[in-house]
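Here is a short briefing for a reader new to this entry. Take a look at the sequence and the structure before reading on.

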Amino acid sequence: MPRLIKNGEIVNDSWIAADPNNAGASAGRICTLQQWLQLPDKEGSAVQLEPGEEPTALLDSLDLIQLVVIHFPVFTDGRGFSYGRNLREHGYRGELRASGYFLRDQLTYLRRCGFDAFRFDDDSQLEGALASMKDFTEYYQASIDQPLPLFRRRPQSTH
Amino acid sequence: MYIYDQYDQKIVDERVAQFRDQTARFLSGQISDAEFLPLRLQNGLYLQRQAPMLRIAVPYGLMNSAQLRKLASITRNYDKGYAHISTRQNIQLNWPALAEVPDILAELATVQMHAIQTSGNCVRNTTTDQFAGVACDELEDPRPYCEIIRQWSTLHPEFAFLPRKFKIAVCGSMEDRAAIHHHDIGIELVANDAGEIGLKILVGGGLGRTPAIGAVVCPWLDKKHMLTYLEAILRVYNKHGRRDNKYKARIKILVKAMGVEAFTAAVEQEWSALKDGPTTLTNEEFLRASSFFESPAYEQIDTQIAASELQTQCEKDPIFANWVKRNTQRHRVPGYRIVSISLKATGYAPGDITAEQLELVAELSDCYSFGEVRSTHEQNLVLGDVQISQLYTLWRQLQGAGLATANIGYLTDIICCPGGDYCSLANAKSLPVAEAIQVRFENLDYVYDLGPLELNISGCMNACGHHHIGHIGILGVDKKGQEYYQICLGGSQSKDASIGNILGPSFKQEDMPDVIDTILSTYVELREEEEHFLDTYRRVGIDPFKERVYASAD
């Protein structure tokens, strides 16, 4: 079974990967956006967004969705960072998963944009990736995991 | 200047540790070239023709003497004893060894410096007026705004993998010395009808392959909204900027494709979700940021005595008098001058400075200018706060180190990228062209007679030498494997921003001094009285120049 990092631990992936060629919905399988839009019942659903597919269509159903996968076909395409943050800012509380070809060196950025699960195409380096999640312990900006920017958290200046 | 607290230091230290680990993984083959590329670029590291190049961030061009001394020691211990000031106020090392770069970054961190986001498809070093805080025409000091932007943009989690690089410049004065019309975002401090200072936001300016002048997306923004508004712009760009073609990936292309109105509407839409959120700036934060840029302890100076002493020194020594006239500027505090240190001596690459010179400038800044030094996008240095009575001693010491070339703002103060001698992107060499022009126009009286003249040279379309906005711009091009040079005329980086027009077919390197000579003598013939080059060009157009240059080439 493929493995992923979820909430800081390595776990098995119980979801079946999205398949654009398989028209029928089945339990436990991640939908493409097109498939998901046609789902009559979105309760407990899982949907995968590709670059260029903004999360706008999901915003009315965020409470029903169990898993949103943001696919990174290539790690240099950073659109998914904004998609993830958008979803969390609109109140999405389910699993937000990055999947595909991204780097362990991007994990702190992804986590700060609201991602809590990471499934690498190549899962041979997951232990190393766990270490990269601790690259930074302090940040300037507001983010999903730290809603206050540093300037609102700094002790009253003694400068 | 801004001083790190434990938070700033921790972030920079953690970045050094992260890059040390990344470099080790790359050197042991765990990271591929393609994967290491954005990681190293976002730490300022290029792999170039001869050796790696490390670009060190100089936030809005401000350094202290301890930092200059550290840079000098780094150039000695890890490089070849010199550094280069870039056209974005940063400092570049041309010969570091890849394996030693983490050590260099660790040394920089001890003096509160880093190389974060000096390259790569992310928000780069924010630049501003080199005379910030001391200029006479300033509405408000732009540096607190720059520092706030620096912190917000440093390791921003959402915007580290943008379609392309992203450059922000801030201007707080009447004259624009930061070229804000030619940045992805230009911010101008402006007063509204009620006299409150806010921000005018321009988007989509740039140089490179498709030069463009920024469009106003917000004529006046309450400064507390600065970061949320920037975040909205970046988010629209991150989502919608083109990623299929790197030459069409800058935000200027997106603004053009959408149209300014639709682009502005998209920004306002994103902004509505961010506005008044936690990233909204507080008065306390502005006060904190401003507290680092308060006026130093200026002395009360009897300006009449100071002026008459200066007068006497100038009469005794005409070379000094000339340097004062060309390389110093009025300061907002009576009795002080702003001193520009020219790094454009003939025979040296524009913007290069040796370790010894760095140390001397550090020493001079401690003695005469409160220990602070500024780098300029024209690739010179500035001592911002020099007492008039100390100019002579300062000048003697600069002169002894080859740092008193009196050409600031004139023809031979050439802006020039490292070009084909160093840069692997370049189509042609730029340094020999700069030198040939400096050698040809060694007669300073003629150069002064030409008046203010900006000559900018880039070795390729990426336009690091800002050729589009030089009054005279030179671009190196590749013609069937041969290096040729195209000329454009009439560019301007000021508030009356314009992009130069191409004169015509390109020239061989050895012909360049003659061609420039012809352009200049055409100007001298056509100008009316004291008319500046740019004004003459705008009055007569490109045709007279074209006729003369190509007639003489036939």
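What percentage of the 554 residues of chain B count as buried? The figure is 55%. Buried means that 20 or more other C-beta atoms lie within 10 Å of a residue's own; exposed means 12 or fewer, partly exposed is in between, and C-beta atoms are placed from the backbone.

This is a predicted model, in which local features need pLDDT of at least 70, side-chain atom pairs count only at pLDDT 80 or more, and totals for chains, interfaces and linings use all residues. Residues are numbered from 1 along each chain as its sequence is written, while chains are lettered from A and ligands numbered from 1 in the order in which they are written.

**Chain B overall**
- Chain B has 18 helices and 21 strands. These are DSSP runs numbered from the N terminus: helices are H or I with at least four residues, strands are E with at least two.
- The radius of gyration of chain B is 23 Å, close to the 24 Å of the globule rule for 554 residues, so chain B is as compact as a globular protein of that length. The radius is taken over C-alpha atoms, and the rule is 2.2 Å times the number of residues to the power 0.38.
- The C-alpha trace of chain B spans about 60 × 60 × 55 Å along its principal axes.
- Among contacts in chain B with a separation of 6 or more, 68% join residues 24 or more positions apart. A contact means C-beta atoms, placed from the backbone, within 7 Å.

**Nonpolar core**
- The largest nonpolar core holds 190 residues. Such a core is a set of buried Ala, Val, Leu, Ile, Met, Phe, Trp, Tyr and Cys residues joined through C-beta atoms within 7 Å.
- A:V68, A:F118 and B:I233 have the most contacts inside this core.
- Helix α6 (residues 226-240) of chain B gives the most to this core, with nine residues.
- Not counting residues up to four places away in sequence, A:F118 touches A:L4, A:I5, A:A98, A:L107, A:L110 and A:A129.

**A sheet in chain B**
- Five strands form an open sheet in the order β1-β2-β5-β4-β13, with antiparallel pairing. Strands pair if DSSP finds at least two bridges between them.
- β1 (45-47) and β13 (352-354) of chain B each have a single partner strand, so one side of each is left without a neighbour in the sheet.
- Three bridges join β1(B) to β2 (residues 52-56) of chain B. B:L47 has B:P52 as its bridge partner in β2(B).

**One loop residue**
- B:Q112 is in the loop between α4 (101-110) and β6 (127-128) of chain B.
- B:Q112 counts as partly exposed, with 19 C-beta neighbours inside 10 Å.

Definitions and conventions: Contact = placed C-beta atoms within 7 Å.
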